[in-house]
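Trainee: I would like to learn how to read a core, a sheet and a loop residue. Please take me through them.

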Amino acid sequence: MSTWHKVCRLEEIPLRGSRVIPHGPVSIAVFRTSDDAVFALEDSCPHKAGPLSQGIVHGHRIACPLHGWNLELSSGIACAPDEGSTKTYEVRVDHGVVLIAL
Ligand code: FES
């Protein structure tokens, strides 16, 4: 069963940017979109493990910095014609604090 953990304050994540947190052997990228929505994905592209945290946030999608695949931030699923997905994590903002379920 997962529990909520504090990541940081919302404003500590740049708009259309991310913050990376370690979680055991993996890294998780917590993204903030231009409309202040927050999403968390494993920081690894389903194509060739590119660091999604260094990609470009546009709308509620992330473009991988290596070869430009686009993933839906809410589901981690690659946009067609590409296929595959990255693990997502539940996040929420409570009184300006970003929380993640781990
Ligand atoms: S590693 Fe992400 S598009 Fe290739």
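The dialogue below takes these features in turn.

Mentor: This is a predicted model: local features need pLDDT of at least 70, side-chain atom pairs count only at pLDDT 80 or more, and totals for chains, interfaces and linings use all residues. Residues are numbered from 1 along each chain as its sequence is written.

Trainee: Which residues of the largest nonpolar core touch the most other members?

Mentor: In soluble globular proteins, nonpolar side chains tend to be buried together. A nonpolar core is a set of buried Ala, Val, Leu, Ile, Met, Phe, Trp, Tyr and Cys residues joined through C-beta atoms within 7 Å. Buried means 20 or more other C-beta atoms within 10 Å of the residue's own, exposed 12 or fewer, partly exposed in between, with C-beta atoms placed from the backbone. Here the core has 20 residues, and Ala 29, Val 30, Phe 31 and Ala 40 touch the most other members. Two or more residues each come from β3 (26-32), β4 (38-42) and β10 (97-101).

Trainee: In what order do the strands of the open sheet run?

Mentor: Strands are DSSP runs (E, at least two residues), numbered from the N terminus. Two pair if DSSP finds at least two bridges between them. The order is β2-β3-β4-β8, with antiparallel pairing. β2 (17-23) and β8 (88-89) each have a single partner strand, so one side of each lacks a neighbour in the sheet. β3 and β4 share 5 bridges. Val 30 stands opposite Ala 40 in β4.

Trainee: Is Gly 84 buried or exposed?

Mentor: Gly 84 is exposed, because 12 other C-beta atoms lie within 10 Å. Gly 84 sits in the loop between β7 (70-72) and β8.

How values were computed
Helices (H or I, at least four residues) and strands (E, at least two) are DSSP runs, numbered from the N terminus.
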